[in-house]
Amino acid sequence: MNAERFERAIADDERIEPRDWMPDAYRATLIRQIAQHAHSEIIGMQPEANWITRAPSLRRKAILIAKVQDEAGHGLYLYGAAETLGADRDELLDKLHTGRQKYSSIFNYPTLTWADIGAIGWLVDGAAITNQVPLCRCSYGPYARAMVRICKEESFHQRQGYELLLALSRGTPEQRAMAQDAVDRWWWPSLMMFGPPDDASPRSARSMAWKIKRHTNDELRQRFVDICVPQAEHLGLTLPDPGLRWNEERGHYDFGPVDWAEFEAVVRGDGPCNEQRLAHRRRAHEDGAWVREAAAAYAAKRAARAAA
Ligand code: ACO
């Protein structure tokens with residue numbers, strides 16, 4: 001009966017809410033994906049925070065601080081969404097800190113120059129939006145609703161990155177070269193964000209059937225490439241792929257092969273910054289222990305007062 005009602009709700013495109021019955025595997029899949037997503041948001045603060053003290057103007061610094069704070073907020077909404085499924089936030093963080101839960105491969109690459117902030121905004125946040133807009137129609141209500149606000153904020157992130165790169169690409173020859181170098185380094189890792197190719201994506205079929213995912217990894221990757229090519233032309237920058245060309249028959253851009261061995265290595269923990277990211281994350285968590293203790297003590301005091 002319960003299972004029937006669940007299947008009917010999925011078929012009718014209705015939202016599943018926290019108190020509704022759901023299969024254990026549906027719950028576990030959502031907790032896994034939402035937790036990985038939340039972890040990505042908070043680990044994603046690191047590569048960009050690296051440039052806050054070196055932003056070239058007050059305006060750029062204010063934008064960057066706002067953006068990094070947004071990422072922290074996204075992490076909080078997402079941990080909140082995972083909690084509606086019965087997950088425990090401390091446990092999720094513990095799994096991140098001990099390497100038992102993943103976060104996005106993209107945040108294991110270094111930010112070497114100021115232009116990387118532009119390339120991350122344009123490409124990384126652009127890829128995130130392409131992946132996340134369909135998640136606003138995810139079958140699980142709290143996740144879908146969290147994604148609406150996240151996507152609005154990501155769209156500001158994407159625009160600030162594009163505008164930053166545009167300024168550099170129309171600047172001095174050195175600035176232009178710096179912008180091109182950043183795009184050269186971030187392009188392929190951005191394509192990897194969409195996950196393994198469909199024939200090597202063990203989770204896709206089940207998640208599509210449950211309407212957690214609305215498109216496959218390859219469909220979204222293709223959509224992203226198609227969006228980026230004209231944007232790169234407008235920037236006057238090239239994308240580092242000699243195989244990139246319009247395919248009239250398919251109505252899409254063809255693109256060269258992604259280096260899946262690199263992707264697997266980064267996901268396994270062997271990317272350029274994996275160790276650094278996790279070590280920093282653990283340290284930040286330990287440094288914040290007194291804040292958590294103070295907040296808990298304050299909440300206990302208020303609760304005792306309310307009960308008196
Ligand atoms: N980095 C790290 N791990 C990845 C990546 C990636 N780019 N892509 C896929 N994986 C992992 C999957 O999480 C899965 O791991 P698990 O089975 O151990 O849990 C495994 O590789 C196999 O991949 P899929 O079968 O394709 O897994 P899934 O159906 O979950 O699809 C995807 C992966 C597309 C990333 C999906 O989980 C998703 O849409 N997540 C929400 C978006 C998100 O997390 N974005 C984070 C980056 S954006 C940002 O934070 C700004």
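1. Which pocket is the space taken by the ligand? In this predicted model, the ligand takes up the space of the largest pocket, which has a volume of about 1,200 Å³. Of the 47 residues that line this pocket, Gln36, Ser104, Met193, Phe194 and Gly195 are the closest to its centre.

2. Around the ligand there are 30 residues, of which Gln36, Lys102, Ser201, Arg203 and Lys213 come nearest. By class, this shell consists of twelve nonpolar, twelve polar and six charged residues. Helix H2 (24–43) is among the helices that supply at least two residues each, and H2 gives the most, with six residues.

3. An N or O atom in the side chain of Lys102 is 2.4 Å from an oxygen atom of the ligand, and a polar side-chain atom of Lys213 lies 2.7 Å from a ligand oxygen atom, whereas Met192 places a backbone N or O atom 3.4 Å from a nitrogen atom of the ligand. Of the 970 Å² of accessible area that the ligand has on its own, the protein covers 90%.

4. For the lining of the largest pocket, the largest share, seven residues, comes from H6, and the lining as a whole divides into 20 nonpolar, 15 polar and twelve charged residues.

5. The second largest pocket holds about 590 Å³ of space, and of the 24 residues that line it, Ile42, Met45, Gln46, Arg281 and Ala284 are the closest to its centre. Helix H12 (274–287) is one of the helices that each supply at least two residues of this lining, and H12 provides the largest share, six residues.

Key
Residues are numbered from 1 along each chain as its sequence is written. This is a predicted model: local features need pLDDT of at least 70, side-chain atom pairs count only at pLDDT 80 or more; totals for chains, interfaces and linings use all residues. Side-chain values use heavy atoms; hydrogens and water are left out. A residue is near a molecule or strand if one of its heavy atoms lies within 4 Å of it. A polar contact is a pair of N or O atoms within 3.5 Å; within protein, one must be able to donate a hydrogen and the other to accept it, and residues adjacent in sequence count only if both atoms are side-chain atoms. Accessible areas come from the Shrake-Rupley method with a 1.4 Å probe; for residues, only the protein chains shown count as cover. On a 1 Å grid over the protein atoms alone, a cavity is a set of points where a 1.4 Å probe fits but cannot get out, and a pocket is an open set with protein on both sides within 12 Å along at least five of seven lines; lining residues have an atom within 4 Å of a point. A molecule sits in a cavity or pocket if more than half of its atoms lie within 2 Å of its grid points. Helices (H or I, at least four residues) and strands (E, at least two) are DSSP runs, numbered from the N terminus. Ala, Val, Leu, Ile, Met, Phe, Trp, Tyr, Cys and Pro count as nonpolar, Asp, Glu, Lys and Arg as charged, and the others, Gly among them, as polar. Grid points are joined across faces, edges and corners, and a volume is the space filled by probe spheres set on the points.
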